[in-house]
Amino acid sequence: MTHVRPRALLIQNAMVLTMDPALGDLEKADVLVEGTRITQVGAALAAPPEAERIDGSGMILIPGLIDTHTHMWQGPLKGLGAGLWGTPDYQKHVFPLREKFGAEDMHDACFAAGTEMLDSGITTVLDFCHNTMTPAHAEQSIAGHRRTGQRVLFAYGMLGEFKSLAADHPWRLAQVRELASELRSDPDGLVRLGLAVGSLEYSGMELVKTEIELGRRLGLPMSFHQNPPAQIRQLGEAGLLGSDLVPVHANLAADDELEMLAACGAGISFTVEGEFGGGRAMNIIGRAHRAGVTPSLGVDIPSRVALDLFGQMRLTFHVMRAEEALAERITGRWPLARRPGTPHIQPRHMLEYVTVNAARAVGRGDELGRIAPGYLADLVLLSTGPYSMSLGDPAAHVALQSTPADVDTVIVNGEVRKRAGRLTGLTRADATGAIHRVRERVLSIKPHDAAHA
Ligand SMILES: [Zn+2]
């Protein structure tokens with residue numbers, strides 16, 4: 001019997017930010033990938049002669065970025081939400097468009113947004129698909145995701161048309177059961193099923209409870225929009241909170257609700273640009289962080305926010321610093337000066353939010369979000385550009401200096417998906433074509449220039 005060695009990949013001489021407490025940062029190290037997993041991390045590693053080698057000299061290697069809340073169907077609607085003012089504006093101009101999306105639009109939208117995310121170093125996304133208007137919408141979204149090769153937690157949306165939420169509930173639950181068993185036996189396991197639980201204010205406790213109980217029976221990671229206040233408390237009192245149920249936004253969460261989340265090990269997904277732009281209370285992120293609730297980040301609405309987590313890290317850091325400074329000013333400690341424990345938030349926390357914390361939020365904290373032996377090989381090599389690396393903490397360089405243009409190499413599940421700044425197996429033109437098809441079908445907008453289609 002011959003033993004077939006798994007394909008091997010050796011990344012050499014990179015500055016490796018493992019995000020693993022035991023391994024820390026490695027100034028100049030190699031990472032060996034065999035098959036889909038990282039098998040060794042260290043200096044001057046030996047590798048099988050046939051291993052593909054990638055020179056990481058002068059670059060930073062980080063775990064692939066993980067977005068914990070994005071509505072991928074809105075990718076082709078980029079810019080439509082740019083100047084919106086408050087939730088009523090969003091509910092008037094963007095959200096109703098979901099009803100105009102056909103199943104083929106979902107396919108194209110997921111493919112285009114996933115391609116753009118991979119190009120930007122986002123190797124995993126929780127697609128909060130609140131546009132499962134028919135069973136085919138869910139099937140085609142999954143098919144679009146499979147084409148990109150991005151790692152996706154497809155969070156099946158229970159929030160359909162408002163007028164028929166209860167009437168549509170049985171077929172949605174049935175499809176969730178079917179997809180759960182279908183995706184569990186998926187050979188590469190890149191697309192997994194999660195549950196985008198309905199919003200309490202629309203669906204009511206009875207439907208939401210049924211959904212969460214089903215999700216738990218099937219072992220699905222779950223998430224829900226927490227917009228009006230006190231819903232975390234309501235779910236807690238109903239015994240429904242858990243580390244597998246991640247609230248999104250939660251800007252108005254009270255201290256006792258944060259304690260409830262911390263007690264059950266749940267995180268919160270913050271989508272800072274959308275929340276800040278919508279005028280929401282932003283002190284929640286610092287409060288959650290200090291209460292032991294692990295924050296993670298998402299783009300949320302690509303109709304308004306770029307498909308880029310570097311921008312979210314930068315904005316989040318400054319929002320949190322501004323909040324700490326405001327607290328100092330209010331208590332008369334002004335001008336700012338260092339006191340014990342202040343400032344609490346450091347740039348490196350942002351990289352934790354989009355790696356280790358986010359991996360926990362999508363239910364894969366034990367195999368994603370770190371560069372360590374046994375972890376899945378989802379990796380991003382970042383160029384530090386022609387103008388030199390930052391002084392000080394390299395994680396600060398990633399959080400505050402890097403942009404998608406610095407993403408040199410992207411590896412998902414041991415497969416190279418971008419190399420030397422160019423996508424492999426995908427093209428930007430295919431994604432652009434998909435965007436234009438959706439715009440034409442949904443909005444009757446023809447591309448200005450056919451050459452770009
Ligand atoms: Zn959302």
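I'll start with charge: the mean positions of the 44 positive and 52 negative charges of the protein are 1 Å apart. Lys and Arg count as positive, Asp and Glu as negative, with His and the chain ends not counted; each charge is placed at NZ of Lys, CZ of Arg, CG of Asp or CD of Glu.

This is a predicted model, in which local features need pLDDT of at least 70 and side-chain atom pairs pLDDT 80 or more, while totals for chains, interfaces and linings use all residues. Residues are numbered from 1 along each chain as its sequence is written, and side-chain values use heavy atoms, leaving out hydrogens and water.

Now the overall fold. There are 13 helices and 17 strands, taken as DSSP runs numbered from the N terminus (helices H or I, at least four residues; strands E, at least two). The radius of gyration is 22 Å, close to the 22 Å from the globule rule for 453 residues, so the protein is as compact as a globular protein of that length. That radius is over C-alpha atoms, and the rule is 2.2 Å times the number of residues to the power 0.38.

Of the 453 residues, 56% are buried, meaning under 20% relative accessible area with a 1.4 Å probe, protein chains only.

Last, helix α13, residues 428–443. Its 16 residues reach 22 Å from first C-alpha to last, close to the 22 Å expected at 1.5 Å a residue; the expected span is 1.5 Å times one less than the number of residues. Among its buried residues are I435, H436 and V438. The buried residues of α13 pack against α2 (103–119), contact being heavy atoms within 4.5 Å. After α13 comes S444, with a positive phi near 55°.

Definitions and conventions: Buried means under 20% relative accessible area, exposed over 50%, partly exposed in between (1.4 Å probe, protein chains only).
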